[in-house]
Amino acid sequence: SFVTAHGVDRAGEVVRLDIDTIGATDDPLIASGELRAAIRAGQAPARCREIAARVDAGPAVRVEIVTERHDVIAHTLDRPSVLDRVVHASCPAGASA
């Protein structure tokens, strides 16, 4: 399972966020660890708002913190791979969020 944050556009499609937007870091392990800690501590909604404030104007209208389970073979072949997604928090994107 992977813990991450992503944007969602008006049509409900996932918009990938870069690691700096998600965790204000260039280290994906740190960003993922911080998200896991926020979920465990019941702070996912607050963390979602922090990330949403870093989302620039663009296609994402909402940010979600999620745990995803992927089909590794499909992912390797660059095919749709999400088998299961649990949304821990959702909030409006943008600095006014």
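## A first look at R85

Is R85 buried, partly exposed or exposed? With a relative accessible area of 32%, R85 is partly exposed. Please keep in mind as you explore that this is a predicted model.

R85 forms a salt bridge with E68, and their closest N and O atoms are 2.7 Å apart. This pair links distant parts of the chain: R85 sits in strand β4 (residues 82-92) and E68 in strand β3 (residues 62-70), 17 residues apart. E68 has a relative accessibility of 3%, so E68 counts as buried.

E34 pairs with R47 in a salt bridge whose closest N and O atoms lie 3.1 Å apart. Because E34 belongs to helix α2 (residues 28-40) and R47 to helix α3 (residues 44-53), the pair ties together parts that are 13 residues apart in sequence.

E34 counts as partly exposed at 35% relative accessibility, whereas R47 is buried, with a relative accessible area of 11%.

## E64 and R62

Another pair to find is E64 and R62, which form a salt bridge with their closest N and O atoms 3.2 Å apart. E64 counts as buried at 10% relative accessibility, while R62 counts as partly exposed at 31%.

## The overall count

How many salt bridges are there? The count comes to four, and among them are the pairs R85 with E68, E34 with R47 and E64 with R62.

Definitions and conventions. Residues are numbered from 1 along each chain as its sequence is written. This is a predicted model: local features need pLDDT of at least 70, side-chain atom pairs count only at pLDDT 80 or more; totals for chains, interfaces and linings use all residues. Side-chain values use heavy atoms; hydrogens and water are left out. A salt bridge is a side-chain nitrogen of Lys or Arg within 4 Å of a carboxyl oxygen of Asp or Glu. Helices (H or I, at least four residues) and strands (E, at least two) are DSSP runs, numbered from the N terminus. Buried means under 20% relative accessible area, exposed over 50%, partly exposed in between (1.4 Å probe, protein chains only).
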